[in-house]
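This briefing concerns the pockets of the structure shown below and the residues that line them.

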Amino acid sequence: MSDLAADRVRPLLRGGFGEPYLYVVETTSTQQLLSDTGLAEGAVAVAEHQTAGRGRLGRRWNDAPGRALLCSVLLRPPSAAKAEQLSLVIGLAVAETIDELAGVRTRLKWPNDVLLDGRKLAGILLARDGDAVICGIGVNVNQRDSELPRETTLAPDSLRLATGHDHDRGALLALLLDRLERRYGLWQAGGLEPMAPELDARDALRGRAVRVGEVKGTADGIDPSGRLAIRLVSGERLLVSSGEVVT
Ligand code: BTN
């Protein structure tokens with residue numbers, strides 16, 4: 001039985017997230033499985049393989065069947081205006097889960113990448129679905145080197161490559177859902193600000209030369225509303241709310 005099968009994961013769930021739990025061997029995209037369903041907050045879709053996995057900015061997210069964690073979580077945030085902050089909230093949940101289970105120290109590349117030693121371990125994709133937000137999470141877990149995508153802007157990594165052994169994806173998913181539910185509750189109660197110290201401690205960009213579109217400078221942290229601060233050569237500090245950071 002797969003380590004992601006419902007019978008393996010359900011007994012590991014601690015909170016409300018993960019019910020309903022939709023597990024399939026193959027689908028176009030787990031994002032699609034939750035789209036337009038009217039399911040309750042915390043519903044999760046998981047697949048062993050996606051034939052049309054979606055990445056940010058219209059990119060593809062390719063996988064090696066049975067090796068990665070490919071999941072989507074349905075959230076119904078009260079404030080649509082601040083929903084883009086969720087990629088940082090989820091990023092922290094993914095990072096702390098990986099660190100706890102694999103004994104590593106991951107960092108976040110604003111706004112949606114989880115890195116280990118500068119290589120990408122996981123990515124997060126937010127998609128609006130009416131009042132809901134479908135949060136797609138892809139974690140490179142048990143891929144061998146030859147199974148990682150080559151056509152990426154950031155060099156990829158997997159937990160197997162980093163630690164030298166396979167990891168149980170069901171245990172990873174169950175802990176992630178627990179951490180995500182907790183952080184989502186904190187975010188609903190107090191916004192991003194209480195997580196500022198953790199975001200700062202995990203910030204992979206601070207102090208680095210960066211470019212976002214036409215804006216070039218030095219990354220200077222993440223502001224309380226989740227924007228990336230960039231210090232220009234002129235000394236001015238600009239706040240960027242979306243885009244791809246090139247380092
Ligand atoms: C990115 O880094 O560009 C975001 C990648 C998000 C990939 C996940 S895998 C599960 C979910 N389903 C998808 O089609 N995409 C997300």
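In this predicted model, the second largest pocket is lined by 22 residues. Those that lie nearest its centre are E84, S87, P111, L126 and S241. Domain 1 (6-199) and domain 2 (205-246) both contribute to this lining, so the second largest pocket lies between them.

**Second largest pocket**

- The volume of the second largest pocket is about 420 Å³.
- Helix α3 (86-102) and strand β6 each supply at least two residues of its lining.
- Strand β6 gives the most to this lining, with 5 residues.
- Sorted by class, the lining of the second largest pocket comprises 10 nonpolar, 8 polar and 4 charged residues.

**Largest pocket: size and centre**

- The largest pocket has a volume of about 630 Å³.
- A total of 39 residues line the largest pocket, and G55, R56, R60, W61 and K120 lie nearest its centre.

**Largest pocket: make-up of the lining**

- At least two lining residues come from each of α2 (30-34), β3 (69-75), β6 (119-129), β7 (132-139) and β12 (245-246).
- Among the contributors to the lining of the largest pocket, β6 gives the most, with 4 residues.
- The lining of the largest pocket holds 13 nonpolar, 17 polar and 9 charged residues.
- Domain 1 (6-199) and domain 2 (205-246) each provide at least three residues to the lining of the largest pocket.

Conventions:
Residues are numbered from 1 along each chain as its sequence is written. This is a predicted model: local features need pLDDT of at least 70, side-chain atom pairs count only at pLDDT 80 or more; totals for chains, interfaces and linings use all residues. Side-chain values use heavy atoms; hydrogens and water are left out. On a 1 Å grid over the protein atoms alone, a cavity is a set of points where a 1.4 Å probe fits but cannot get out, and a pocket is an open set with protein on both sides within 12 Å along at least five of seven lines; lining residues have an atom within 4 Å of a point. Grid points are joined across faces, edges and corners, and a volume is the space filled by probe spheres set on the points. Ala, Val, Leu, Ile, Met, Phe, Trp, Tyr, Cys and Pro count as nonpolar, Asp, Glu, Lys and Arg as charged, and the others, Gly among them, as polar. Domain bounds come from an automatic or database domain assignment.
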